[in-house]
Amino acid sequence: MTQEKSNKKILIIAGVCLVVLAVVFGLLYHFFMPKGQQGSKTIGLTVVFSQDNQKEYTLHTDAEYLGDALQEEKLVEGSEGPYGLFIETVDGVTVDTEKQEWWCITKNGEQLNTGADQTPIADGEHYELTLSKW
């Protein structure tokens, strides 16, 4: 009986520790996540539909994050996912999920590890949205 109580106590303590760690990491992310530049800014955007078909845009915005800037210009449509906006349509071109297509976000050619809603923007930056296949 005491062994069973001891095991329960250990499981309860471990569960509480996991919850505390999750809260701490959530708070750290919230306070230290990249912040967008406030105020007016101009960013460049290249939409790559295929190797032979791309379009250039210049966006003027007060938005702090890329997702907001793209939606202000009505360039993208999508659905809300666990990481914010999941871009499904760019400039009227919608991904074909049966072909495993998706829109890849890059900044100066480097793939980003954040979604559009979590990508801070600053004046003079350049982004690309590329129609990609898995």
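The structure holds 0 disulfides, a disulfide being a pair of cysteine sulfur atoms within 2.5 Å. Cys104 is buried, at 8% relative accessible area, whereas Cys17 counts as partly exposed, at 41%. Here buried means under 20% relative accessible area, exposed over 50% and partly exposed in between (1.4 Å probe, protein chains only). The model is a predicted one, in which local features need pLDDT of at least 70 and side-chain atom pairs pLDDT 80 or more, while totals for chains, interfaces and linings use all residues. Residues are numbered from 1 along each chain as its sequence is written, and side-chain values use heavy atoms, with hydrogens and water left out.

The protein has 2 helices and 8 strands, taken as DSSP runs (helices H or I, at least four residues; strands E, at least two) and numbered from the N terminus. Their order from that end is α-β-β-α-β-β-β-β-β-β. Of the contacts with a separation of 6 or more, 52% join residues 24 or more positions apart; contact means heavy atoms within 4.5 Å.

The C-alpha trace spans about 70 × 40 × 25 Å along its principal axes. Of the 134 residues, 31% count as buried.
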